[in-house]
Amino acid sequence: MSKNIDKNFEKRNETIRGWFKGLGHAIKIEIESRILMSWKRIIKFIGIGVVPIIYGITCVLAFWNPIEGIGRAPIAIMNNDHNIILVTSFEEEETSSFATSSKYHLKMGALNYSNGSAPIGSHGETVEDLNKLVYNLQNGKDFEGNSTPAGVELVLNNGLKLKTKANKTIKYEVTSSWEIIKSKLLPKTDKTISDQDYLFSAPKIADKMALTNIRYIDNNQEITNQWKGTKYYAQLKIKENYLANLIGYAGTLLYQAGATDDEIANNLNKTLAEWVAEMKNNQIDIWTTFERNFIFGYYMSTFNTFAEGMIIKAIPSVLTSLVGTNLLNTLSTSGDILNLALADAGNTSVVNEFDNYQKYVAMNVPNLPDLGTSEQRQKFEKYTIFGDVDENGKLRSSAKGGKLINSINELTDIGKWLLENTKVLDALGIISGNSQFPQFIKTLIINIIEAGIKEDAPHINQVLYNALVGQTDKTEETILSSVIKKIAKLLGLDNSLKDIEKFLNNLGTFNNTLVDPIMNQQQFIKNADQSVLKNSDVLLGATSVSQLPNKLKIFFNDKLLGGFTPEEIVQVEIQGENNGLYGIGLGIFFLVIGLWVGVLMQTFIFDRGKRVAKSTAVQWYLSKTVLMMLTVFVQATLEIWLAYAVGWHMLGLVTMFYIWLWFIASGFLFVIIIQALWFIVKDESIGKFMTVIVMVLSLAAGGGTFPAFAQFAFFHYISYLVPFTYVIRGFTAITFGTSLADPTTLATQLYILKNFAIFFIYIGIFVSLGLIIGSKNRLRDMNYGAHSAKKVLIAMTALSRDTSNFASLKTSKFARKPKYKYSWKALPKTFDQELYMKCRELFPFEGEFKWHKNKSHDFVQKPNYSDEDQITRNE
């Protein structure tokens with residue numbers, strides 16, 4: 001290598017080394033003067049460091065999981081309806097056979113007064129009043145309690161009629177709209193508190209929100225005063241006769257399914273079309289409001305879902321007379337009914353043996369002194385589960401059995417009716433989404449009927465009673481009767497009959513509790529749960545009675561779907577669902593906003609001043625960049641790890657580390673964008689204003705709340721331009737894509753890298769703008785008073801300076817508008833005070849109207865140095 005080449009290389013190397021040395025010196029001066037110069041500067045730096053925390057972390061905490069809190073809103077259920085007596089009866093002409101039972105009908109409706117004028121209960125009768133009437137009708141008496149061996153004609157509110165008599169099975173149930181709704185709420189923890197004074201709660205809606213502040217109102221005046229008022233944010237109002245009309249309509253619909261036109265005309269007081277018109281005016285009114293808070297109002301629209309769950313989903317249970325879909329409504333009996341039965345049996349030794357407001361489960365006829373005769377025992381028998389049984393579980397002579405035998409008999413009737421009305425089964429197939437369902441039901445019913453279950457009911461009664469008591473060895477016949485075998489075979493359990501036998505032999509967990517054959521409902525539930533827990537292995541893994549319905553649902557789905565569970569047929573995966581809290585989802589948005597605001601605030605604490613005279617434009621600009629990046633590193637680190645401390649730790653330390661790295665990179669990107677906008681125009685206020693515009697567009701279109709495609713087209717297009725889009729996309733992918741038990745997928749990794757790559761497009765654009773335009777123009781403003789060559793030329797001419805080296809004519813000097821070619825290198829590279837002052841004089845920073853300039857103005861008083869600095873900038 002020649003000596004000349006060596007010298008050139010050495011000279012160039014020294015120049016590069018010197019340039020970086022100058023840059024380092026400029027950075028050092030910036031840090032010393034802007035951060036370390038005084039305690040006030042240090043305090044300001046600390047303050048700017050926590051700005052993102054003030055916004056981001058505060059919002060994360062405030063919005064951590066607000067949906068659950070929405071459920072605390074005061075809600076009212078307003079009831080203008082009344083109690084009714086729901087009556088159901090399967091009627092079949094004695095001459096008709098099973099094969100030709102075209103006259104077989106389900107009659108259902110709300111019981112009217114004896115004169116047929118209106119549904120019973122509409123005159124304000126209490127539940128106890130209606131229970132007494134039900135007891136009279138069940139025991140061969142009329143409405144007034146007089147004995148009527150021939151029976152009483154009952155009129156339902158849809159016109160259907162039926163007559164009570166000894167061999168007719170009619171089911172009565174005292175219920176109300178409120179009782180149906182209440183069955184869908186969480187049970188009262190203190191039954192001594194009246195419904196009107198109790199604060200009810202509802203189960204969670206979609207496992208996310210529970211309504212916990214529900215009041216019940218049945219006072220007409222209060223309902224009038226509060227409806228659509230300000231006290232309750234959401235309200236449900238039940239109209240008068242709502243349930244009676246609903247039952248009347250349902251009874252008409254079901255009766256028409258198997259009746260001739262003549263029967264319909266003779267027995268129904270309204271056509272189905274008339275009932276449909278009536279039902280359109282029979283709606284439950286639901287009201288909520290957006291006026292207090294939009295988000296609250298939006299989410300409280302889920303109150304409709306809550307109401308549907310309470311009312312609409314309860315209708316099928318009403319149609320089958322199992323109001324509330326609760327087995328205990330069938331097994332249990334009100335205390336006032338039991339008291340009436342004791343009194344009617346001639347029991348004089350006890351008065352009000354049972355609490356009228358409590359419900360009881362009577363296992364068998366109690367061994368009371370005044371229930372010695374068979375006639376007296378029959379008064380009480382129908383309210384028990386097993387009836388009047390002896391010590392071996394067999395029915396005593398003349399005993400008819402309790403609720404179990406009656407339910408078996410009713411089941412066969414329902415089976416016949418279902419088989420006669422195949423449209424109902426077809427509807428069940430549509431609802432279940434499985435065409436095999438109707439055939440499955442038909443096959444099940446046929447097997448039950450063919451097995452002679454109705455005739456074998458006393459035996460089944462004995463088997464179950466002895467199993468519960470734990471004395472299965474006292475059953476005379478084998479437990480595995482033909483009924484159990486047929487059902488087991490149908491359900492694919494014929495190879496598991498030993499498990500069924502084990503289950504029946506293992507039921508006896510009540511122990512000595514059956515010495516007292518009557519338990520209150522709470523004690524019965526406790527005992528039943530113990531029995532289920534003991535037999536969990538043969539009860540599909542259930543550990544309590546409440547778990548059995550869902551376990552059975554899964555089991556039957558398995559059988560109906562040909563051995564596949566619903567989960568095997570449809571696999572649902574929602575990635576990140578475990579971390580789907582508002583404090584994390586919206587927290588991403590809040591943290592990013594906090595970081596942007598933190599960088600923006602730096603432009604108010606720091607300045608654009610040049611503190612090293614020999615620094616070039618690029619050195620001066622980059623020294624500011626490094627100062628801001630150092631600050632944003634502190635801001636981002638504090639914000640992310642404080643978020644980790646207040647709840648984000650649930651994402652895991654590794655994920656949080658990735659988030660921190662992403663946040664640092666995002667902060668550096670924000671510095672590059674904001675600094676470029678801050679420097680690119682002469683007036684720094686305009687630069688800050690441009691930064692705010694970018695932030696507003698990012699808030700609107702960056703995808704932090706709603707995806708941009710769900711918004712106006714303008715914001716969708718803008719979303720591709722604003723930086724928040726790519727910062728939030730990568731942030732979200734890291735948050736919900738790396739906090740998994742399984743390794744992060746390749747798709748997630750590529751998605752994160754794709755968004756990170758876009759950072760460099762912004763960096764290229766804004767670094768170029770900052771260095772090529774911002775730094776050069778601002779340096780010229782500081783050295784010469786203007787960055788416009790034309791203005792500098794005018795100022796130099798006014799100072800009688802030689803401008804030949806600075807400006808040379810590109811056109812003829814006699815041209816109307818001569819054009820010049822400018823050479824900034826001809827000017828000194830340092831501050832030219834004379835030229836600077838002349839430019840400021842000729843071209844003031846802010847122009848002024850003549851009328852304002854000619855007015856006299858008082859001296860502007862400045863409270864302290866910080867105000868002086870701001871006022872100076874504005875002036």
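**Close-up views of a predicted model**

**View 1. Crossing of helices α29 and α31.** In this predicted model, the axes of α29 (residues 684-701) and α31 (residues 723-737) come within 8 Å and cross at roughly 50°. The crossing of α29 past α31 is right-handed. Helices are DSSP runs of H or I, at least four residues, numbered from the N terminus. Axes are lines fitted to C-alpha atoms over the stretch in contact, with angles from 0 to 180 degrees between N-to-C directions.

**View 2. Residues between α29 and α31.** V694, S698, L699 and A701 of α29 meet P723, F724 and T725 of α31 (contact: heavy atoms within 4.5 Å). These residues divide into 5 nonpolar, 2 polar and no charged.

**View 3. The largest nonpolar core.** This core has 61 residues, and W648 and F731 have the most contacts inside it. A nonpolar core joins buried Ala, Val, Leu, Ile, Met, Phe, Trp, Tyr and Cys residues through side-chain atoms within 4.5 Å. Helix α28 gives the most to this core, with 17 residues. Apart from it lies another core of 32 residues, including L86 and A234.

View 4. L677 lies in helix α28 and is buried, with a relative accessible area of 8% (buried: under 20%, 1.4 Å probe, protein chains only). Beyond neighbours within four places in sequence, L677 is in contact with G687, M690, T691, V694 and F766. L677 and G687 are 10 residues apart in sequence and 5.0 Å apart in space, C-alpha to C-alpha.

Residues are numbered from 1 along each chain as its sequence is written. Local features need pLDDT of at least 70, side-chain atom pairs count only at pLDDT 80 or more, and totals for chains, interfaces and linings use all residues, while side-chain values use heavy atoms, with hydrogens and water left out.

Conventions:
Helices (H or I, at least four residues) and strands (E, at least two) are DSSP runs, numbered from the N terminus. A crossing is left-handed if the near helix is turned anticlockwise from the far one by less than a right angle, and right-handed if clockwise. Ala, Val, Leu, Ile, Met, Phe, Trp, Tyr, Cys and Pro count as nonpolar, Asp, Glu, Lys and Arg as charged, and the others, Gly among them, as polar. Buried means under 20% relative accessible area, exposed over 50%, partly exposed in between (1.4 Å probe, protein chains only).
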